[in-house]
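Welcome! Please take a moment to look over the sequence and the model, and then read on for a short tour of the inside and the surface.

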Amino acid sequence: MKEKASPACTVDSSSCPPIKTSLDKQSTSQQFCRPAFTQKFRESTSGKVWWTIFTLLMVATVSVRFYKLRYPEQVCWDETHFGRHANQYLQRTFFFDVHPPLGKMLVALFGYLDGYDGSFWFEVGKKYGDASYMGMRIGCAIMGALVVPLCFLTIWEMTASLPASTFTALCLIFDNSLVVLNRFILLDPMMLFFISATFFSMAHFNKQKRSFSFLWWFWLSSTGMFMAGSFSVKFVGLFLVFLVGMRAIYDLWIILGDMSHPVTYTVKHFLARALCLIALPVALYVAIFYVHLRILHLGGEEDEFYSSAFQVSLKGNMFHNSTGPREVAYGAVIRVKNNVLEGQYLHSHRQLYPVGARQQQITTVYIRDPNNRWFIKRHNQSSPLWNATDPIDLVRNGDLIRIEHRTTGRNLHVHRGPAPISNKMYQVTGYGVRGEGNDDDFWRLEIEGAAEGEVLEIVRHSFRLVSPNNKCVLTSTTKNLPEWGFGSAEVACNPKIHDDRAYWHIDDNRYPRLPNVSYTIYELSFLERFIESHKNMFMGNAGFRPKISDFQSRPWMWPINFRGQFFSVEGVVIYLLGNPIIWWGHCLCFLFYFLLWIVNAVIEKRAVNISDKQLNLQRRTLNTCKWLFIGFLCHYIPFWPMARILYFHHYFPALLFSNMISGMMLNYILETFSEKISPKFYTYFVSGLLLAFFYSFYLFTPITYGYPNRPSQYNDSQMYGMKWISSWEF
């Protein structure tokens, strides 16, 4: 059907100004009047209705989020990790973590403001006692609680519909899982806050009528800043970049098609978005990391996750203010370390392999131990001993060498049989007597990026050891030996030469005939430390592979609330589980959204004659839900191909968008039937919906706020009869 120039409206058309986009022009597809209920609430914003509802929602949010916040008075789940990280910030001690630093810095700040001194040792199930932990819980709860008003105001800004905004807020308030996630010392409340704030700012920006005005710049910059906050807490926040980026591309495409402006106008918009949505977030992220590295300037137990050059700048670390020969000479006593994350030292001991060649074990270990010391000698040299009158013979790239274990006198040797665990690789053993052996002890030194004949240096040079006889490369595998190997990491010789784990470096060099130099010459710049930190974080995330015994939480389980997640089992039980009525309602709302999209497509294709009011309602709902659904997909689909171990809480960024879609769908249903139902029925329906949300929330409060550890099958259990599906574990 043909669109009328001035659509009919249930209110006087003079009170229905056309909605404009951020492109300084009126969008034909958006020239519609707000439906009756929405217009009624819109008119009442200057009075008490809007503020009364908003205030009641905020009171409810604070009530459910802060109720019994002190309880349980013990460390729950990941509080043990992020509490310890707060300790390390307060004590300025360096540590390793797979997440960016902002969230942990905020946790430490919350504790500091509450007078916490970082002395409590966090351990799952441990009682807090006199420790000042409430500041950290309150700070996380505040940021989690702010998600509710942000989502409410986002829907209001996008639709000016008070019912849709209210339904969205109710879904968030009475969701048991969000209450649990917001009550503990975790990163998730902060990440959800920054994601909500980003989408809220983006919605405000898209409503600006004057391009390049102060408010236009303010909301565009706010979008970039909050987006930086989201991926500075967890890398999951990077999924938000796809949503913001797609919206920016969409806007630029529309601007480009506006023939009233020259192409240079589009270029200006592009540059503004590049500045605020790319340059600003990157600058903020780097600045946060700079502060992180400046605060953590003392060495700690987790320094070994980083290279020796990285450790030089950490006060108290063995490399800080140390000295040693820079170049490596034959006859030197060296310590060899693997380059990968959690790089371990090449190690041997007198115990023999009980399998394969029953020769001396070669492994890698974390600890600095006398058995990590090796002599380096030429391939045709049996004894590593040297005379003071002999010329100094430096080790060079391309040399054929032998490496002899200092304690036992065995050479690093390749046995052409399968390694104990990685049976596609060759076994590496300690072989020979007092340095005597055979040509399977020979290794060709290949320094990465060095010229032939270049002298080997400690710390700076990364190298491989290639066995020319067996055409394999010395590597530290990802597997640990069983009890007979003391759980140490397996060392093998890999016929596949291109192995990322086959690179090593020397971090300690003892040779009295060469002059010592200060290790400060190896100190990395901020940019080098920044890059190495990210390499380690990415490798650490990739290393979270599920074990056979681990329960696999898979993405298909999350939307249907298939299985929850224990937060506490010691003394009291806290179980992360969504409000079933709300979560299963989300699934129905998704189905309804798809149905509405199909119906609207058929109506437009077949030119079906429907009222202008209904047509405008459908367009408004679908246009808003389109971006909400894209946001949901951006935060949900990437988890499907992931090989790393996944947890239920990974779904919650996507859940925010699911809640807003449900709010929109519930509002659409009520608006559609607004003229066919009486105000009394409307009131009963909304009251019944609210009652269902609240009653379902109430039924599951024992696992939200904690109940005594008593299984649900017992009559005296608070959760007796509440195990609605067998996969729930309480």
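A patch is made of residues with over 30% relative accessible area and no salt bridge, and nonpolar side chains are joined into one within 5 Å. Keep in mind that this is a predicted model.

Here, Trp556, Ile560, Ile581, Trp584, Ile637, Trp640 and Trp724 make a nonpolar surface patch of about 660 Å². One of these residues, Ile560, sits in the loop between α14 (526–542) and β15 (565–568). Its relative accessible area is 34%, so Ile560 is partly exposed.

Now let us go inside. In soluble globular proteins, nonpolar side chains tend to be buried together. The largest nonpolar core of this model has 181 residues, and those touching the most other members are Met136, Met190, Leu243, Leu412, Phe463, Phe567 and Phe652. Helix α17 (residues 652–672) supplies the largest share of this core, with 12 residues. There is also a second, separate core of 10 residues, with Val573, Leu577, Phe700 and Phe730 among them.

Which residues does Phe463 touch, not counting residues up to four places away in sequence? They are Val336, Leu445, Glu446, Ile447, Glu448, Leu456, Ala502, Tyr503, Trp504, His505 and Ile506.

## A buried histidine

His635 belongs to helix α16 (residues 612–636). Is His635 buried or exposed? Its relative accessibility is 1%, so His635 counts as buried. Leaving out residues up to four places away in sequence, His635 touches Ile195, Val236, Phe239, Leu240, Pro653, Ala654 and Phe657.

Conventions. Residues are numbered from 1 along each chain as its sequence is written. This is a predicted model: local features need pLDDT of at least 70, side-chain atom pairs count only at pLDDT 80 or more; totals for chains, interfaces and linings use all residues. Side-chain values use heavy atoms; hydrogens and water are left out. A nonpolar core is a set of buried Ala, Val, Leu, Ile, Met, Phe, Trp, Tyr and Cys residues joined through side-chain atoms within 4.5 Å. Buried means under 20% relative accessible area, exposed over 50%, partly exposed in between (1.4 Å probe, protein chains only). Helices (H or I, at least four residues) and strands (E, at least two) are DSSP runs, numbered from the N terminus. Contact means heavy atoms within 4.5 Å. Patches are made of residues with over 30% relative accessible area and no salt bridge: like charges are joined within 9 Å, nonpolar side chains (Val, Leu, Ile, Met, Phe, Trp, Tyr) within 5 Å. Accessible areas come from the Shrake-Rupley method with a 1.4 Å probe; for residues, only the protein chains shown count as cover. A salt bridge is a side-chain nitrogen of Lys or Arg within 4 Å of a carboxyl oxygen of Asp or Glu.
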